[in-house]
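Open the model in your viewer and switch to cartoon view. Keep the selection panel handy.

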Amino acid sequence: MGSYTRVDIREGIRQDLAAWAISAPLVTALDISSRAVELSDDLDKDLVSNKCLLEIDNEVMLVADKPEDGRSIRVYRGHMGTTTATHDAGATVKIHPPWAWTDYELNQRIIPQAIRFIKPAAWTEAVSSDFTWSNATHECAAPTGVSYPSGYLPLRLEVKDSQGIYHPFLGWHLYGSTFQFRDKSTGARTLRCAYVKWQSVITDETTTLDNDDFLEAITKYGAFLALNSLKTN
């Protein structure tokens, strides 16, 4: 199991882009209908300009304009397809320039695309738990996730003998999510399967990469995608 999370991937992409958000605390709580974001007194008003993006929790807001005091900023809520939500006083407000990339965009679009792009090369060998091939049958269900043509690809099957030792097992093929065997079993057999596990898209902040070797490839391609979207826009 790897040790790098989506947070690490996101920060790696930001490091390559040299694009970090400026953070400030939210002074007054926001309800769903409010369009005024109040920032702290010590925030330089020049940090926020028209069409800047503010990100609070999982919501992105587009700056419409701001008064001269630079504190109460009028925004359009639920920008970039995010959901309008309530936000507590003291929540972190991330300030992005109009051309930059929010955490939401990195999480929802860029990082998933980068992981899917490297999928043919980003795999880890894994071994299943024991499973049973029942007596007098020609088939048994594959471990969860192992299937053809989609899913994890089996590399080899092993059978456990009476001493608890595993040996190579031949004469099988995978059809859908079922192993089919050349011969009928003459007794219940205990099997295990070694398979290729592709790196799946990460959908939360704590799940780690299957293999840390892929971190740099994901961050580099993620930075490329981010720059390409900037050029397109």
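Two strands count as paired if DSSP finds at least two bridges between them. Keep in mind that this is a predicted model.

Stop 1: Select residues 153–160, strand β10, and residues 166–169, strand β11. The two pair in the antiparallel sense, over 4 bridges. Now pick L157: F169 in β11 stands opposite. Next, go to the turn. The hairpin of β10 and β11 has 5 residues between its strands. Click G164 there; its phi is positive, about 85°.

**Stop 2: the sheet.** Show the open sheet of 6 strands. Trace the order β1-β6-β3-β4-β5-β2; the pairing is antiparallel. Which strands stand at the edges? Colour β1 (22–25) and β2 (36–38): each has a single partner strand, so one side of each is left without a neighbour in the sheet. Turn the view to follow the twist, which averages 40° from one strand to the next.

Stay in the sheet and select β3 (residues 53–56) with β6 (residues 92–96). These strands run antiparallel and are joined by 4 bridges. Pick I56; its bridge partner in β6 is V93.

**Stop 3: two helices.** Select α1 (residues 6–17) and α2 (residues 103–117). Their axes come within 11 Å and cross at roughly 100°. Angles of 65 to 115 degrees count as roughly perpendicular, and α1 and α2 are therefore roughly perpendicular to each other. Show side chains for R6, I9, R10, I13 and R14 in α1; they meet D103, L106, N107, I110 and I111 in α2. Colour this contact by residue class: 5 are nonpolar, 1 is polar and 4 are charged.

Key
Residues numbered from 1 in each chain as written. Predicted model: local features only at pLDDT ≥ 70, side-chain atom pairs only at ≥ 80, totals over all residues. Heavy atoms only, no water. Axes fitted to C-alpha atoms, helices over the stretch in contact; angles between N-to-C directions. Parallel < 35°, antiparallel > 145°, perpendicular 65-115°, else oblique. Contact = heavy atoms within 4.5 Å. Nonpolar A, V, L, I, M, F, W, Y, C, P; charged D, E, K, R; others polar.
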